[in-house]
Amino acid sequence: MFLKHLKLHNVRCFESLEIDFDREGGNNRKWTVILGENGTGKSTVLRCIALLLAGSDALSELIGRPSDWVRRGAEQAVLSGVIETQ
């Protein structure tokens with residue numbers, strides 16, 4: 001299973017974020033490094049990926065309070081991704 005694309009809208013500190021995990025030519029990258037200062041959202045990105053890959057069974061453990069995931073000033077948050085199985 002490969003994550004091909006991740007899109008966040010009003011999720012925690014991100015107003016809008018898109019990450020494409022494909023290389024040119026359509027092949028999936030095997031490694032992606034996420035770098036940043038403390039408090040810039042690295043763990044949020046990883047938790048969003050975990051939500052997408054783990055499915056609804058892990059939802060309550062990964063989310064906690066759903067309102068904590070909505071960016072301040074927004075009414076809703078959207079998390080979407082494209083997963084490829086091989």
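Let me start with one residue. Leu51 is in contact (heavy atoms within 4.5 Å) with Leu59, Leu62, Ile63, Trp69 and Leu79, leaving aside its neighbours within four places in sequence.

First, the ground rules. This is a predicted model, so local features need pLDDT of at least 70 and side-chain atom pairs count only at pLDDT 80 or more, while totals for chains, interfaces and linings use all residues. Residues are numbered from 1 along each chain as its sequence is written, and side-chain values use heavy atoms, with hydrogens and water left out.

Now the overall layout. The chain has two helices and three strands. Helices (H or I, at least four residues) and strands (E, at least two) are DSSP runs, numbered from the N terminus. The order from the N terminus is β-β-α-α-β. Along the principal axes, the C-alpha atoms fill a box of roughly 40 × 30 × 20 Å.

Next, the strands. Strand E1 covers residues 2–11, and strand E3 covers residues 78–84. E1 and E3 pair in the antiparallel sense over seven bridges. Pairing here means that DSSP finds at least two bridges between two strands. E1 also pairs with E2, residues 14–20, again antiparallel, over six bridges.

Which residue in E3 is the bridge partner of Leu8? That is Leu79. On the E2 side, Leu8 stands opposite Leu17. One place along, His9 has Ser16 in E2 as its bridge partner.

His5 is another E1 residue. His5 is partly exposed, at a relative accessible area of 24%. The cut-offs are these: buried is under 20% relative accessible area, exposed is over 50%, and partly exposed is in between, with a 1.4 Å probe and protein chains only. Beyond four places in sequence, His5 touches Glu18, Ile19, Asp20 and Phe21, and also Ser80, Gly81 and Val82. Gly26 is 21 residues from His5 along the chain, and their C-alpha atoms are separated by 12 Å.

Now the backbone. As a reminder, most residues other than glycine have a negative phi. Two residues here need a look. Asn10, in strand E1, is not a glycine, yet has a positive phi of about 60 degrees. Is Asn10 buried or exposed? Asn10 counts as buried because its relative accessible area is 13%.

Arg12 lies in the loop between E1 and E2. That hairpin has two residues between the strands. The phi of Arg12 is positive too, near 50 degrees. Arg12 is partly exposed, at 31% relative accessibility.

On to the core. How many residues does the largest nonpolar core have? Twelve: Leu3, Leu6, Leu8, Val11, Phe14, Ile19, Phe21, Val45, Cys48, Ile49, Leu51 and Trp69. E1, E2 and helix H1 (42–54) are the elements that give two or more residues to this core. By definition, a nonpolar core is a set of buried Ala, Val, Leu, Ile, Met, Phe, Trp, Tyr and Cys residues joined through side-chain atoms within 4.5 Å. In soluble globular proteins, nonpolar side chains tend to be buried together.

Back to Leu51, then. Leu51 is found in helix H1. Why does Leu51 count as buried? Because its relative accessibility is 11%. Two of the residues named at the start link to other parts of this talk. Trp69, a contact of Leu51, is also in the core. Leu79, another contact, is the E3 bridge partner of Leu8. Ser80 is 29 residues from Leu51 in sequence, with 9.9 Å from C-alpha to C-alpha.

Last, the totals. Of the 86 residues, 22% count as buried. Take the contacts with a separation of 6 or more: residues 24 or more positions apart account for 60% of them. The chain exposes about 6,300 Å², and carbon and sulfur atoms supply 49% of it. That area comes from the Shrake-Rupley method with a 1.4 Å probe.

Finally, charge. The chain has 11 positive and 11 negative charges, and their mean positions are 4 Å apart. Lys and Arg count as positive, Asp and Glu as negative; His and the chain ends are not counted. Each charge is placed at NZ of Lys, CZ of Arg, CG of Asp or CD of Glu.
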